[in-house]
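Thanks for asking me to look this over. Here are my notes, written to be read with the model open beside you.

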Amino acid sequence: MKRLAAAAGAALGGLALVAATQAAAQAAPAAAEAAAPSCVKADVTYLVSIFVDLTNDCSTTQKVKVDYDRDYFSPCFTLEPGGTASHSASVVYASRYEGLATC
C-alpha cells in the first residue's frame with residue numbers, strides 16, 4: 001500500500017512539473033511581443049465577426065498585427081505614415097479584440 005501511495009505521489013509530482021514547464025513556455029512568446037505605439041489606431045466593430053480598421057498616424061512606418069483572444073493574430077501589416085489596413089476575425093477563431101502588437 002505504501003508503494004502504491006509513493007508511486008502515485010511521484011506521478012502527480014511529475015505531472016505538476018510538466019504543467020509548470022508548459023505554462024512557462026506558453027507565456028514566453030506573449031511577453032516577447034511589444035504593444036504597438038499609441039499613434040497606430042484601431043477602430044473595432046463587432047458584428048458576426050470582429051472587424052478591425054487600422055490607421056498609422058505615426059511619422060514613421062510601423063509593422064503591426066491585430067491581437068485577438070484565443071492566441072489568434074492577424075498577419076503582419078506594414079503601414080506607411082497615414083496608411084490604413086483592415087482585418088476581420090471570425091468568431092470561430094476569436095471572440096474579442098485585445099490590442100495591437102508589433103511584428
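Predicted model: local features only at pLDDT ≥ 70, side-chain atom pairs only at ≥ 80, totals over all residues.

1. Residues are numbered from 1 along each chain as its sequence is written, and side-chain values use heavy atoms, with hydrogens and water left out.

2. Let's begin with the sheet that holds β1.

3. Strand β2 (residues 49-56) is joined to β1 by 7 bridges, and valine 44 has valine 52 of β2 as its bridge partner. β2 also pairs with β5 in the antiparallel sense, over 7 bridges; there, threonine 55 stands opposite threonine 84.

4. The two faces of β5 are worth a look. Ala85, His87 and Ala89 make up the covered face, whereas Thr84, Ser86, Ser88 and Ser90 lie on the uncovered one.

5. The other sheet is also open and antiparallel, with 3 strands in the order β4-β3-β6. β4 and β6 (97-102) are the edge strands, each pairing on one side only. The twist averages 35° from one strand to the next. Between β3 and β4 there are 3 bridges, and lysine 63 stands opposite threonine 78 in β4.

6. Where does aspartate 69 sit? You will find aspartate 69 in the loop between β3 (62-68) and β4 (77-79). Aspartate 69 is buried yet lacks a salt bridge, and the nearest side chain of opposite charge, arginine 96, is 4.1 Å away. Buried means under 20% relative accessible area with a 1.4 Å probe, protein chains only; a salt bridge needs a side-chain nitrogen of Lys or Arg within 4 Å of a carboxyl oxygen of Asp or Glu.

7. What does the side chain of aspartate 69 make a polar contact with? The partner is the side chain of serine 95, at 2.6 Å (a polar contact is a pair of N or O atoms within 3.5 Å, one able to donate a hydrogen and the other to accept it). Leaving aside neighbours within four places in sequence, aspartate 69 is in contact (heavy atoms within 4.5 Å) with Tyr93, Ala94, Ser95, Arg96 and Glu98.

Notes:
Helix = DSSP H or I, 4+ residues; strand = E, 2+ residues; numbered from the N terminus. Buried < 20%, exposed > 50% of the residue type's maximum accessible area, 1.4 Å probe, protein only. Lys, Arg positive; Asp, Glu negative; His and termini not counted. Pairing = 2+ DSSP bridges. Axes fitted to C-alpha atoms, helices over the stretch in contact; angles between N-to-C directions.
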